[in-house]
Amino acid sequence: MSLPPLSAALMGANSFATRGRRRAILAATLLGALAALGQAPVGAWPLSVIAFAGILGLLRAAPHPRRAALIGWAAGLGYFLAALAWIVEPFLVDVARHGWMAPFALGFMAAGLALFWGGAGWLAHRAGGTALALIAAFTLAEALRGRIFTGFPWAQPGHIWVDTPLLQLAAFGGALSLTAATILLALLIWQALLGNRWALATALLVQAALLVAPSPQGPRSDEAPIVRLIQPNAAQHEKWKPEMIPVFFRRQLGFTGAPPQGNRRAPSLIVWPETAIPDLLNYATDILNVIGDIAGEATVVLGAQRIEGMRLYNSLAVLGADGALAHVYDKHHLVPFGEYVPFGDLLGRVGISGLAARTGNGYSAGPGPELIDLGPLGLALPLICYEGVFPRNISGAPARADLLLLITNDAWFGELSGPYQHLAQARLRAAEQGLPMIRVANTGVSAMIDARGAIVGALPLGKAGYADVPLPPPLPPTLYARMGDLPILLLLALGLGGAWATRRQRRPVSD
């Protein structure tokens, strides 16, 4: 009896790990790129899990830890090259000046992030290459990737489940629990390919359940306040052109003053995207008064830049009914090299001032997470763009919010995959915390997300418009909201320690 073509291909990849280093690296790279297809917007999570099964099979067949490290790095290289292809988009806004940097930026980032998977492969092999060792090593590597050098937890393996019922697992163990589930399911598939009938039955049952089960949605309320999402769709290469600035501003004013959609009540809150007004907030009194007049009794939240001395801030402003500033929040988790140069202020102290934020080069960071009072809507935790990628930016708030409020400008990410992956992470944050999220993006996707991570209203990518959507209520605090990543990190550390101890009892480790 012959194996099906896909099974035969994966089993062939397994033999590469023992027969030749080059073949193993090539197979791992290709499987890594295939695994990235589970990320948004493709969402081919069954294909992704099968590819991860092949990668884990290669690692388990590696003859020594150094080979396992190479296989893990190669798999990560293929994965991050495919999953993060959108990284080139910011360099294409001004192709003449920055286009040449695009392939280097993607290549170096993918190669650097792949080191985490290389380390996981090495560590798992040293710990015996068991299922427990692989799950713990790869999930801990992803936890480290989300922390070191300010962190970059984008396109984690667990993100492939955001559009499935398995997203609800995030309420208990966050994104790391979803990554651990990915590795576990991939190992079951690999064991099934090796002839383990129990593993085959379990893998098929789980995948069938995920394919047919509906995704849960949070509670609704007929009396919920209405929120208006404003999406001007200002392409990044046009956003700051003098002749286009008034066009986009008037577009947002028109959406703000438009009548309620359908049979909706008038909005209680109107939200504009990141850097939505053309003037610095310090000198925008006339603009804010115009916005306040058009908004009427509604509160307005908008993105703006402001200056304080020599420091520039990326800010979120709350306007009262009269257009007066009620609150200003400064973004605190900045994008390295995109919004500031790491160690720029330190270098400025020794005379290299061209990189220092304090001398007006790049943004300066705000003091940290804070809450803003939106009256009948409750307490909101503001997030600006990149801040929504990090769970710790929510857990670090001074108290539990009633809702999450994220404004962003995803025009930098193009229209291929970046905006959709950013949206998926917003849904994950909502499900982790059991809180609804208002997400407004310059070019989209603007969305109202309920407390289970489901989208209940949205504006499509690349379209100008507005949407009036009821604000879903919050759920009680989730286990993840109470304890964060600590429980799963402890379990993973204990699992890896147990695998290592068992390995040492069996035989000495050698390279």
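This is a short talk on the fold of one protein chain, from its overall build down to single residues.

First, some ground rules. This is a predicted model, where local features need pLDDT of at least 70, side-chain atom pairs count only at pLDDT 80 or more, and totals for chains, interfaces and linings use all residues. Residues are numbered from 1 along each chain as its sequence is written, and side-chain values use heavy atoms, with hydrogens and water left out.

Let's start with the whole protein. The secondary structure comes to 18 helices and twelve strands. Helices (H or I, at least four residues) and strands (E, at least two) are DSSP runs, numbered from the N terminus. The C-alpha atoms fill a box of roughly 75 × 60 × 40 Å along the principal axes.

How does the radius of gyration fit a compact globule? For 511 residues, such a globule would be near 24 Å, and the protein has 24 Å, which agrees. The radius is taken over C-alpha atoms, and the globule rule is 2.2 Å times the number of residues to the power 0.38.

Of the 511 residues, 53% are buried. Buried means under 20% relative accessible area, exposed means over 50%, and partly exposed is in between (1.4 Å probe, protein chains only). The accessible surface is about 21500 Å², and carbon and sulfur atoms hold 64% of that. These areas come from the Shrake-Rupley method with a 1.4 Å probe; for residues, only the protein chains shown count as cover.

Contacts reach along the chain. Take those with a separation of 6 or more: 69% of them join residues 24 or more positions apart. A contact means heavy atoms within 4.5 Å.

Now the charges. There are 37 positive and 29 negative ones, and their mean positions are 18 Å apart. Lys and Arg count as positive, Asp and Glu as negative; His and the chain ends are not counted. The place of a charge is NZ of Lys, CZ of Arg, CG of Asp or CD of Glu.

Six strands form an open sheet in the order 6-7-8-9-10-11, with mixed pairing. Strand 6 (372-373) and strand 11 (455-459) are the edges, each pairing on one side only. Two strands pair if DSSP finds at least two bridges between them.

Look at strand 8, residues 403-408. Is strand 8 enclosed or open? Six of its six residues are buried, so strand 8 is largely enclosed by the rest of the structure. Leu 403, Leu 405 and Ile 407 point one way, while Leu 404, Leu 406 and Thr 408 point the other.

Strand 8 has parallel partners. Strand 7 (residues 379-384) pairs with strand 8 over five bridges, in the parallel sense. There, Ala 380 has Leu 403 as its bridge partner. Strand 9 (residues 437-441) also runs parallel to strand 8, joined by five bridges. Leu 405 stands opposite Ile 438, and Thr 408 is partnered with Ala 441.

Strand 10 (residues 446-449) and strand 11 run antiparallel, with four bridges. Met 448 pairs with Gly 457. These two strands make a hairpin with five residues between them, and Gly 453 there has a positive phi near 90°.

Most residues other than glycine have a negative phi, and most peptide bonds are trans. Which bonds are cis here? Gly 444 to Val 445 is one, with omega near 0°. Val 445 lies in the loop between strand 9 and strand 10. Ala 40 to Pro 41 is another, with omega about 5°. Pro 41 sits in the loop between helix 2 (21-35) and helix 3 (45-61).

Asn 233 has a positive phi near 60°, in the loop between strand 1 (226-231) and helix 11 (236-239). Ala 155 also has a positive phi, near 60°. Ala 155 is in the loop between helix 8 and helix 9, and is buried at 1% relative accessibility.

The loop between helix 8 (131-145) and helix 9 (170-193) also holds Trp 161. Is Trp 161 buried or exposed? It counts as buried, at 0% relative accessibility. Beyond residues up to four places away in sequence, Trp 161 touches several others, including Trp 45, Val 49 and Leu 210.

Finally, Pro 476. Its loop runs between strand 12 (465-470) and helix 17 (479-483). Pro 476 is exposed, with a relative accessible area of 61%. Its C-alpha atom is 8.8 Å from that of Gln 433, 43 residues away along the chain.
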